[in-house]
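Q: I would like a close look at a single part of this model, with the terms spelled out as they come up.

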Amino acid sequence: MPIVNRIAGLHEEATAWRRDFHQHPELQFDLPRTSAIVADKLRAFGCDEVVTGIGRTGVVGVIRGKATGSGRVVGLRSDMDALPLTEITGAPWASTVPGKMHACGHDGHMAMLLGAGKYLAETRNFDGTAVLIFQPAEEGGGGAREMVADGLMERFGVQEVYGMHNGLDPVGTFAVRTGPTSAAADLVRIVVEGKGGHAAKPHLAVDTILVAAHIVVAIQSVASRNVDPLGQAVVSICAFNAGFTNNVIPQTAELRGTVRTFDPAIQDMVERRLKEIAEGTAALFGARAELTYTRGCPAVVNHAAEADYAAAVAAEVVGESAVRRDKPPSMGSEDFSFMLEERPGCMIGIGQGGDFGVHHPAYDFNDEILPIGMSYWARLVETRMPA
């Protein structure tokens, strides 16, 4: 692998950064320590500008090349937040905060982008401006949306934007695709109102547990019978809350779940069918149901030219045979989509191997891929804005 010697020399330092972030996880927008460390390092590297508080707790570092005559401005994005999980890795650098851990590799994402930033600030071997974006609240908080709403793209003149996420593909590989790559993620809440009563006299009550159970079963028909077999949708009810004891029929029941889609037309249809099923099924039993459907982050849709470019840069780093250009789409979500709605760009996957995927309590980022990720970021900037 053509890893630049200087970047290879940053491996040990970047590993220390990554493990420190891992030991001190913070959630969503509540990132006082993480944001401060990122900002301090960017200043120490000699970034031309370091701005904090973008999108509440986001950090942006600006590095100008030896020349800026091209006028090109490229954004590179890393997420920063951890997850509310209890870690079971047993690693010496395991989380020191009960109930919080970096179980999605954002600690590694930060270390890779920081390492690339240090290299780029030293060398500046490009004609244009690199904007390093450190985003809060990727895990369900809409941090990318908040940064965009706070003027990220306009304030820093970003013309195109790139993201990178680790996965279980083999170490030393990349995977990318043009078009939809991660699904839109919406939230579903259904509240069923019936008539509470004594468990021994169900005929005098309207049993919300029975009603909600029928709603759950009926919802299973949405993806199997309402979505075109060539389309894609996932509808999952993940929480069923009702009652509090063994001899009382509860007055209310609540269902919660998620919907994942790629096509806005399918997304609209699923929302409509969930409302019809919930309200219609409840009415059959003499109950009432109310659906709250909250649209979360949209699908990540890679732009064709930028996806091709990202793949070409990855091939420079690891070789063409180690780059998969037809990565299957994932029903997982990524709020980098908000940035791609504003500017052309691409999200690429970097393989780290391992037995445990993201969001698992035994997951840990593989520090061996740090130089690969740093090299990808550095080469992307240098070749996209050649000096």
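How many of the residues of strand E5 (residues 160-167) are buried?

A: Seven of the eight residues of strand E5 are buried, which leaves the strand mostly covered; buried here means under 20% relative accessible area with a 1.4 Å probe, protein chains only. This is a predicted model, in which local features need pLDDT of at least 70, side-chain atom pairs count only at pLDDT 80 or more, and totals for chains, interfaces and linings use all residues. Residues are numbered from 1 along each chain as its sequence is written, and side-chain values use heavy atoms, with hydrogens and water left out.

Strands (E, at least two residues) and helices (H or I, at least four) are DSSP runs numbered from the N terminus, and two strands pair if DSSP finds at least two bridges between them. E5 pairs in the parallel sense with strand E3 (residues 73-79) over four bridges, where Gly75 stands opposite Val161 of E5. With strand E16 (residues 345-351), E5 again pairs in the parallel sense, over seven bridges, and Ile348 in E16 is the bridge partner of Met164.

These strands belong to an open sheet of eight, in the order E1-E2-E4-E3-E5-E16-E6-E15, with mixed pairing. Strand E1 (49-54) and strand E15 (323-324) stand at the edges with a single partner strand each, so one side of each is left without a neighbour in the sheet.

Helix H4 (residues 106-123) lies across E2, E3, strand E4 (129-135), E5 and E16, running at about 145° to E3. Helix H11 (residues 370-384) also packs on the sheet, touching E5 among other strands, and its direction makes about 165° with that of E5; contact means heavy atoms within 4.5 Å, while axes are lines fitted to C-alpha atoms, for helices over the stretch in contact, with angles from 0 to 180 degrees between N-to-C directions.

Key. Buried < 20%, exposed > 50% of the residue type's maximum accessible area, 1.4 Å probe, protein only.
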